[in-house]
Amino acid sequence: MIDVVATAARPATPDWVRRLPEYLMIWVPLLLSAAHLVTFSLWTIWISFTPSTLVPVTGWVGLRNYTSVLASRNWQIAFDNLLLFGSAFVLLSLITGLLLAILLDQRIRGENVLRSIFLYPLAVSFVVTGTVWSWLLNPGIGIQKLVHDLGWTSFRFDWLVDRDMAIWTIVIAAIWQSSGFAMALFLAGLRSVDADIIKAAQIDGAGPIRIYRRVVLPTLWPITITVVVVQLQFAISAFDLVRALTNGGPGIATQLPALVVYDLMFQRSQLGRGAAAAVLMLLILLAVLLPYAAWRYLRRRRATHA
Amino acid sequence: MRERTFAPSRLLIYLVVSLVAAAYLAPLVVVVLNSLRSNEEIAQASMIGWPQQWTWSNYARAWSGFCVAETCAGIRPYMLNSALVTIPATIISTLLGAIAGYAVSLWRFRGDNWIYGIVTLGLFLPQQMRLLPWTIVLRDIGLINTLTGLVLIHTIQGLSFTTLFCRNYYVAIPHELIRAARIDGAGFFRIFWRIILPLSAPILIVTVIWQFTHIWNEFLYGVTFTTGQQQPVTAALIALSAAVADIPQHGVQSAAVIIAALPTLLIYLLGGKYFVRGLTAGAVK
């Protein structure tokens, strides 16, 4: 009681002055971060509607930058590649990740070591991954050369220089780099399945495969969706990996949206079009993220109502 | 009894797992072996092979000898650049993120949910949406082509992650603890320093590892905002491959790749548990 009176009676500095340092420490970083996200997004969107080329200029060209990007062969190839690369990479890394997680979940020896091996590529940069795989997949010095030297001279594995197959080299490298991520999430999901349910199923006479199919795997689908969304997010903005592995080639056969953006902005000095391509990338991303956010929201609401 | 009936299938499990593990390790092994072979030896055979003659000089040349563009100082200056960007940006963004996460989760203030919501959007906004504005801002404040500029970018962008990590960790701390301390007259910083920080070791390790790995491995900003001698090591590796495209020096290049990947690989080896925790925490945002 006395304490409260004493505090209230303290004259000195006003409350907000005393608390200024903490306000600054809380607000300055948060405001800087939030402000840069909002203003930079709006800024890029604005540039995408201007006739900017070498430097940003004011002016309004409506959707002209968008139509010209969408009509360019570069973007069309990039978009087709994204569809192929995105779906193949996500699907294959889901399968690889789930398979590895199930195998590791069989109480095998050396699980920790194996898990570390499957996850270490995630610690390596995409530049390193891309560089290393560009050597391995290069028919002149990599796997094909090795097999030829061993005597099988008709062996062909030259996807890296094959226009139609080159995109698959990016799929291979991307799976090597990040299927461990899917494995880690799936393994955590498998480990959190209620042991009692499994025991009950065993008592009912269900074999291990049946238990997996009927009891364990159905609990994994929320994790599956999370993995898909995270991997798609990576696929949509993939840049470093492609830059190091194929640099968009041969020709423009492995072009992807992020490379188109960079090319327009910094190599062709088409700032307006580059910004338009960046906004298009954002729209593609939103087409994945918005349904995901809605799904998460509905799930959480259902969980709180239940 | 049960073990015996399972034996063949368990053998199959071990076989499959070992094969996949070998496939995951193969690229690393190949590059390590190449870094110990001479350029000529690799040129005669292929990238995949056992060293006929162990060559250690590749590392010395990669570290301080070979030429990128016009300068022949090896990979060392670029490693230094990466360290000078990564270490400050990691420390600052982690510290500010911890304070922000603490303020948002335990202190509460008007508008906290709003600003936190906006900050976490940074996890999703593609870098491409920020490239042009950053270029203009960095030029205006005179930080284009400087390491300080990269530190600034990585600090501000990293805040989205660090704030999220710390906030999600701090919400689990009982509010009564804070309330009791406030009644005793402890202020914002005192509570942070005395109560929150001592509880934070696990999440700070996760955050530091996450930030370090991501900033060290980052390429797009490095290649966009810096040139020549100011580039981080990821950008320098690409420049190196381009520079030697005519006469590849795969032994030296392999050594350079190993050196460039070593810091994050070491951190992964030492703090694997926390590394994985960061991955899953980042995913379930």
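Where is Arg107(A) found? Arg107(A) sits in the loop of chain A between helix H5 (73-104) and helix H6 (111-119). Helices here are DSSP runs of H or I, at least four residues long, and strands are E runs of at least two, all numbered from the N terminus.

Some ground rules. This is a predicted model, with local features needing pLDDT of at least 70 and side-chain atom pairs counted only at pLDDT 80 or more, while totals for chains, interfaces and linings use all residues. Residues are numbered from 1 along each chain as its sequence is written, and chains are lettered from A and ligands numbered from 1 in the order in which they are written.

Confidence next. pLDDT is the predictor's confidence in each residue, on a scale from 0 to 100. Chain A has a mean pLDDT of 90. In that chain, 96% of residues reach 70 or more. Residues 1-6 of chain A stay under 50. The model gives that stretch zero contacts beyond four places in sequence. A contact means two C-beta atoms, placed from the backbone, within 7 Å. Where pLDDT is low, predicted coordinates should not be read in detail.

Arg107(A) has a positive phi of about 50°, yet is not a glycine. Is Arg107(A) buried or exposed? Exposed, with 7 other C-beta atoms within 10 Å. The cut-offs: 20 or more other C-beta atoms within 10 Å is buried, 12 or fewer is exposed, and in between is partly exposed, with C-beta atoms placed from the backbone.

Ser269(A) also has a positive phi, near 50°. Ser269(A) lies in the loop between H14 and helix H15 (271-305) of chain A. With 13 other C-beta atoms within 10 Å, Ser269(A) is partly exposed.

One cis bond to flag. The peptide bond from Gly249(A) to Pro250(A) is cis, with omega near -5°. Pro250(A) is in the loop joining helix H13 (240-245) to helix H14 (257-267) of chain A.

Now helix packing. Axes are lines fitted to C-alpha atoms, for helices over the stretch in contact, and angles run from 0 to 180 degrees between N-to-C directions. H5(A) packs on helix H9 (residues 166-191) of chain A at about 40°, axes 6 Å apart. That makes the pair oblique. Under 35 degrees counts as roughly parallel, over 145 as roughly antiparallel, 65 to 115 as roughly perpendicular, and the rest as oblique. The contact of H5(A) with H9(A) has 20 nonpolar, six polar and no charged residues. Nonpolar covers Ala, Val, Leu, Ile, Met, Phe, Trp, Tyr, Cys and Pro; charged is Asp, Glu, Lys and Arg; the others, Gly among them, are polar.

Across the chains, then. The contact takes 69 residues from chain A and 64 from chain B. On the chain B side, helix H13 (residues 250-283) gives the most, 13 residues. That side has 49 nonpolar, 14 polar and one charged residues.

Helix H3 (residues 20-47) of chain A and helix H4 (residues 76-107) of chain B cross at roughly 110°, their axes coming within 9 Å. They are therefore roughly perpendicular. H3(A) contributes Met25(A), Ile26(A), Pro29(A) and Leu30(A). H4(B) contributes Leu96(B), Ile99(B), Ala100(B) and Ala103(B). The tally is eight nonpolar, no polar and no charged.

Last stop, Leu150(B), in helix H7 (residues 147-170) of chain B. Leu150(B) counts as buried, with 28 C-beta neighbours inside 10 Å. Beyond four places in sequence, its contacts include Val85(B), Tyr221(B) and Phe225(B).
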